[in-house]
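Good morning, colleagues. Please look at the model on the screen while I take you through its backbone, its aromatic pairs and its pocket.

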Amino acid sequence: MAATEVRARARAKVNLTLHVTGQRSNGYHELDSLVVFADVHDEVQVKPGDDLKLVVEGPEAMGLAGEGDNLVLRAARCFNTPNGAALRLTKCLPVASGIGGGSADAAAALVALAEFWDLPLPPAEAVLGLGADVPVCLQGLPTRLRGIGEVLEPLPDVPGALVLVNPRVGVATPPVFRALASKTNPPMPDTIPAFADAQTLADWLSEQRNDLEQPAMELCPQIAEVLAALRMESPLLARMSGSGATCFGLYPSPAEAERGAAAIAAANPGWWVKSAAISSRSPTMSRRTDRARMSSARRSAASPRSSR
């Protein structure tokens, strides 16, 4: 029995660190980054369709208005199949904001369509071709990212909760990299330790960097205002994520993060402000209809059991 509907969450990607360690001859930058995912997300829904169609809705949908070729459709075409599907993207993460919204949407589409069509995921090269952040978003758990995004090292769960703040200013990534004075900076230590609690994590993060923070602030002064607002609410650490303009505050608990987010949102009603736990769940957490669950269960029952 074919699946009638598949839904997949596209969680916000947060770069707790982002060290730019080099630049390749083709212009791509070498990175060393500690990446986590926050429990705030877009959602991709897949239903039967004769061909590929995409509808975008949700509070942040206008940020994609006029976009000619959404990453969700590009991800669907990576399967190289004549199959159709009716896709719906519920957009809740701001666009061009440094938290991997488009890449997370592409990863969620890959997961949802692989299940819906009962196909394997596309090759790693095709996934990376969608964007440097798509492979880590497909993994969806705490990860050390190196190279141009293709070298991924899974990490243990990371403690704490986050407040994410965007000043409603989009920041394009290429100009930020161009404004970076040095393209060859030190990487993180060879080994990332396990963190007993959020304070231990914050202490370690304070010795690391986001090399794009300063050039991004030069292009978008509102980032400095966001960091100042976060620091007024006593986080363990405040820093920019990715190439901006979203910044995060790290807190010991979800309750403390919620209080910080409420205070920032009240003082800055035009900003996008969310509190979220750091996710320790499997990537995108696909949700299916009962008919699809029955189909999956039958496929599993017909397959040999793993010895692990």
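Ala96 sits in the loop between β5 and α2; helices (H or I, at least four residues) and strands (E, at least two) are DSSP runs, numbered from the N terminus. This is a predicted model, in which local features need pLDDT of at least 70, side-chain atom pairs count only at pLDDT 80 or more, and totals for chains, interfaces and linings use all residues. Residues are numbered from 1 along each chain as its sequence is written, and side-chain values use heavy atoms, with hydrogens and water left out.

Although Ala96 is not a glycine, its phi is positive, at about 55 degrees. With a relative accessible area of 41%, Ala96 is partly exposed; buried means under 20%, exposed over 50%, and partly exposed in between, for a 1.4 Å probe and protein chains only. Asn80, in the loop between α1 and β5, also has a positive phi, near 50 degrees. Asn80 counts as exposed, at 72% relative accessibility. Most residues other than glycine have a negative phi, and most peptide bonds are trans. A cis bond joins Gly244 and Ala245, with omega about 10 degrees; Ala245 belongs to the loop between β9 (237-240) and β10 (247-251).

I turn to the aromatic rings. Two aromatic pairs are present; rings of Phe, Tyr and Trp (its six-membered ring) pair if their centres lie within 6.5 Å, and planes under 30 degrees apart count as stacked, over 60 as edge-to-face and the rest as tilted. Phe79 and Trp117 have ring centres 5.5 Å apart and planes at 85 degrees, so this pair is edge-to-face. Because Phe79 lies in the loop between α1 and β5 (85-90) and Trp117 in helix α2, the pair ties together parts 38 residues apart in sequence. Phe79 is buried at 11% relative accessibility, and Trp117 is buried with a relative accessible area of 11%. For Phe195 and Trp204, the centres are 5.5 Å apart and the planes at 55 degrees, so that pair is tilted. Phe195 and Trp204 are both buried.

Finally, the overall picture. The protein has ten helices and twelve strands, and 51% of its 308 residues count as buried. Among contacts (heavy atoms within 4.5 Å) between residues at least 6 apart in sequence, 76% join residues at least 24 apart. By class, the lining of the largest pocket comprises 19 nonpolar, 16 polar and eight charged residues; Ala, Val, Leu, Ile, Met, Phe, Trp, Tyr, Cys and Pro count as nonpolar, Asp, Glu, Lys and Arg as charged, and the others, Gly among them, as polar. A pocket is an open set of points on a 1 Å grid over the protein atoms alone, where a 1.4 Å probe fits, with protein on both sides within 12 Å along at least five of seven lines, and lining residues have an atom within 4 Å of a point.
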